[in-house]
Amino acid sequence: ENNLFLGKIFFTAIPPSKSFQTTQNLSGGEKTIALLSLVLSFVEILQQPFILFDEIDSFLDAWFTERFFLLLKRLSKTIKIQTCIITLKIRFFL
């Protein structure tokens, strides 16, 4: 069977104003952003109706967290996905 999620995935990232790096050399926030890019591309390609994120924002600063939640809000309208986000950051409970 040709299942996309059974194999290994290797990818690299080039954070803004930094050089080419493997994922082992990225900071926690940079790894999170790279992973979110990968996961959201799978969601868009496979058209998954539901996503669950558990403290995905723990390594992100306030600016990136805000941008991520705005992106999810926009995606929920354009590709019709539902998201459940578990977070401990109080500002997102309001």
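This is a predicted model: local features need pLDDT of at least 70, side-chain atom pairs count only at pLDDT 80 or more; totals for chains, interfaces and linings use all residues.
Modeller: Residues are numbered from 1 along each chain as its sequence is written, and side-chain values use heavy atoms, with hydrogens and water left out.

Colleague: Let's start with the helices. At roughly what angle do the axes of H1 and H2 cross?

Modeller: The general idea: two packed helices are described by the angle between their axes and the distance between the axes. Here, the axes of H1 (residues 28-46) and H2 (residues 62-78) cross at roughly 5° and come within 12 Å. Axes are lines fitted to C-alpha atoms, for helices over the stretch in contact, and angles run from 0 to 180 degrees between N-to-C directions. H1 and H2 are therefore roughly parallel to each other; angles under 35 degrees count as roughly parallel, over 145 as roughly antiparallel, 65 to 115 as roughly perpendicular and the rest as oblique.

Colleague: Which residues of H1 and H2 make the contact?

Modeller: From H1 you get Ile33, Leu36 and Leu40, and from H2 Phe64, Phe68, Leu71, Leu72 and Leu75. Contact means heavy atoms within 4.5 Å.

Colleague: Now H2 on its own. Which residues of H2 are buried?

Modeller: First the general idea: an α-helix has 3.6 residues a turn, so residues three or four places apart point the same way. In H2, Thr65, Phe68, Phe69, Leu72 and Leu75 are buried. They cover an arc of only 125° around the axis, so they sit on the same side of H2; the arc is that of the directions from the helix axis to the C-beta atoms. Buried means under 20% relative accessible area, exposed over 50%, partly exposed in between (1.4 Å probe, protein chains only).

Colleague: And what covers the buried residues of H2?

Modeller: The cover includes H1, strand S3 (50-54) and strand S4 (82-86).

Colleague: What do the buried residues of H1 pack against?

Modeller: They pack against S1, S3 and H2. Among the buried residues of H1 are Ala34, Leu36, Leu40, Phe42 and Val43, and also Glu30.

Colleague: How should I read a positive phi?

Modeller: Most residues other than glycine have a negative phi, and most peptide bonds are trans. In this model, Ser17 has a positive phi near 60°. Ser17 lies in the loop between S1 and S2, and it counts as exposed because its relative accessibility is 82%. Glu55 isn't a glycine either, yet its phi is positive, about 50°. Glu55 is in the loop between S3 and H2, and at 33% relative accessibility it counts as partly exposed.

Colleague: Which residues with positive phi follow the helices?

Modeller: H1 is followed by Gln47, with a positive phi near 50°. H2 is followed by Lys80, whose positive phi is near 55°.

How values were computed:
Helices (H or I, at least four residues) and strands (E, at least two) are DSSP runs, numbered from the N terminus.
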